[in-house]
Amino acid sequence: MLTTALVAAAFVTGIAGTWSPCGLSMIETISGPRRRVRLCCTTFALGALAGGTAIFGTLGAVGSLVGARGPALVAVLGVAAAIADVRGLPIVPQIRRQVPEHWRRVLPLPVATLLYGVLLGLGFTTFVYAVALWALAGIAFVVASAQTGALIGLAFGAGRALPICVLAPLAHLRAGRSVIDAMAQRPIVLSVVRRLAAACLVVVAAAALVGDAGAATNLGLGTDPSASGTTVVWTSPTGGVARDEGTAETRSVPAHAAVGGSLIAWREGETVRVARSADLAVVLELAVPGVTAIAVSDAWLVTRAGNALDARAIADPDNVVRVATAKSPGQLGRPALDGDVVVYHLATPRLSTIVAFDLATAKRRTVRKSKTSLLTNPSLLDGELLYDRQTSRVQLVELGPLVKGASDRAVYRLTAPSVHDAGHERGHSRHTRNVPPRTAKWRLWTTALSGTQAYVTLLPGAGSAAAARVLSLPR
């Protein structure tokens with residue numbers, strides 16, 4: 001929901017750019033006889049898309065490198081800009097730079113409009129027309145995702161290009177001129193667009209704070225999902241299930257299976273088998289005493305037995321690499337693999353951590369840690385980390401870059417499963433500042449991550465007659 005709201009806000013903010021002096025001048029520059037209007041509209045649109053993607057994608061990438069400051073700042077930026085645009089406040093700081101006018105005289109017009117599109121798509125190289133633009137820049141940085149930043153930039157560039165490409169071919173007609181005159185002479189029109197951008201930013205703020213719990217899809221009974229490409233696999237009460245995200249078709253696979261790359265692995269007692277996902281042809285079989293969890297990629301097999309994690313290269317399974325151990329009462333979580341990198345959680349009485357171990361370089365790093373929250377069940381894909389966070393009041397499925405200290409956003413939210421007291425003494429006033437949260441009926445457990453979806457297991461609370469199930473959550 002957050003990404004959708006950001007895309008909508010960026011698109012409307014881009015449309016507001018039509019009211020800048022550069023936006024109106026682009027309509028006049030492109031329109032007119034013998035100016036190859038359609039070609040110029042196309043090159044202008046391409047330039048705007050490229051400029052928007054470059055600026056916001058870069059902001060997201062830089063944010064992921066330096067670490068962001070969390071969803072609360074996204075909400076603050078969104079609400080502050082929304083208030084400013086609703087009230088029609090002057091844009092501060094303001095950039096009054098114009099595009100180089102001489103380009104259209106010294107360059108072929110399609111080339112000039114391409115460059116003009118890039119400049120207008122960058123947003124901050126010319127006149128700024130809505131406070132929402134500054135807010136989106138800050139939010140793209142705080143969200144700390146190059147992918148999300150690029151989507152914001154594409155939407156912003158599309159918003160900048162669409163009105164100009166629609167009006168330029170009509171500017172010499174009476175209807176087109178009437179529309180342009182209304183835009184230039186009636187401030188209320190821009191005010192409406194700014195308020196629409198403000199409404200989108202309010203949705204952004206709400207999505208940043210509450211996550212996207214309403215969009216969950218129940219895939220069915222089962223536990224321990226894993227994903228590779230568009231295939232997700234989990235273990236149901238009747239055996240293993242594989243589901244294709246594109247068609248929603250399911251097929252049977254062995255129970256206690258995990259997928260990674262082009263391979264699938266499963267355990268039967270103390271025997272672990274690795275096979276090709278396409279035809280289940282076994283490529284590796286070995287005995288692992290006490291095995292309780294597995295992860296696989298095209299190059300590696302990782303197993304958990306007792307309180308130890310071991311890795312074996314698919315090409316050399318006799319060489320065992322010790323990934324991690326834990327002393328009681330510490331506990332190691334289920335491993336997850338992406339290429340050469342394995343992630344797992346380590347919970348001790350004093351500290352909860354998520355660790356990434358590069359099997360190719362034997363380098364280990366702690367990517368998340370907390371003394372007040374329980375961090376568990378990580379999964380990994382293309383440098384993005386998905387995991388569970390539990391506090392005394394809330395459970396979250398969080399997604400963020402695999403860098404230390406990065407900002408994560410909630411893609412699913414539940415109250416905590418712990419039982420709280422009433423917050424007041426018997427026979428005394430019921431008024432209290434510490435209103436206890438409602439106890440959750442479910443507990444978040446194992447996760448998986450694909451290119452478009454996040455998956456999580458819901459375990460029923462103690463004494464519940466319900467069965468564990470797997471949820472699919474849009475990223």
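**Exercise 1. Find out whether alanine 362 is buried or exposed, and what phi it has.**

Step 1: Start with accessibility. Alanine 362 has a relative accessible area of 53%. Now hold that against the cut-offs: buried means under 20% relative accessible area, exposed over 50%, and partly exposed lies in between (1.4 Å probe, protein chains only). So alanine 362 is exposed.

Step 2: Look up its place. Alanine 362 sits in the loop between strand E17 (352-358) and strand E18 (363-370). The labels come from DSSP runs: helices are H or I with at least four residues, strands are E with at least two, and both are numbered from the N terminus.

Step 3: Check the backbone. Its phi is near 60°, a positive value in a residue other than glycine. Most residues other than glycine have a negative phi.

A quick word on what you're looking at: this is a predicted model, where local features need pLDDT of at least 70, side-chain atom pairs count only at pLDDT 80 or more, and totals for chains, interfaces and linings use all residues. Residues are numbered from 1 along each chain as its sequence is written, and side-chain values use heavy atoms, with hydrogens and water left out.

**Exercise 2. Work out where the buried residues of helix H2 lie around its axis.**

Step 1: List them. In helix H2 (residues 21-30), the buried residues are Cys22, Gly23, Met26, Ile27, Thr29 and Ile30.

Step 2: Look down the axis. These residues cover an arc of only 165°, so they are on the same side of H2. The arc is that of the directions from the helix axis to the C-beta atoms.

Step 3: Recall the rule behind it. An α-helix has 3.6 residues a turn, so residues three or four places apart point the same way.

**Exercise 3. Describe how helix H1 and helix H7 pack.**

Step 1: Get the geometry. The axes of H1 (residues 2-16) and H7 (residues 131-143) come within 10 Å and cross at roughly 150°. Axes are lines fitted to C-alpha atoms, for helices over the stretch in contact, and angles run from 0 to 180 degrees between N-to-C directions.

Step 2: Name the arrangement. That angle makes H1 roughly antiparallel to H7 (under 35 degrees is roughly parallel, over 145 roughly antiparallel, 65 to 115 roughly perpendicular and the rest oblique).

Step 3: Find who touches whom. Leu6, Ala9, Ala10 and Thr13 in H1 meet Ala132, Leu133, Leu136, Ile139 and Val143 in H7, where contact means heavy atoms within 4.5 Å.

**Exercise 4. Sort out the sheet that contains strand E24.**

Step 1: Write the order. Four strands form an open sheet, E1-E25-E24-E23, with antiparallel pairing. Two strands pair if DSSP finds at least two bridges between them.

Step 2: Spot the edges. Strand E1 (217-221) and E23 each have a single partner strand, so one side of each is left without a neighbour in the sheet. From one strand to the next, the twist averages 30°.

Step 3: Follow the bridges. E23 (residues 442-449) and E24 are joined by six; leucine 444 has leucine 458 as its partner in E24, and alanine 448 stands opposite tyrosine 455. The hairpin from E23 to E24 goes through three residues. On to strand E25 (residues 469-474): E24 pairs with E25 over six bridges, with threonine 457 opposite valine 470.

Step 4: Seven of the eight residues of E24 (residues 453-460) are buried, so E24 is largely enclosed by the rest of the structure.
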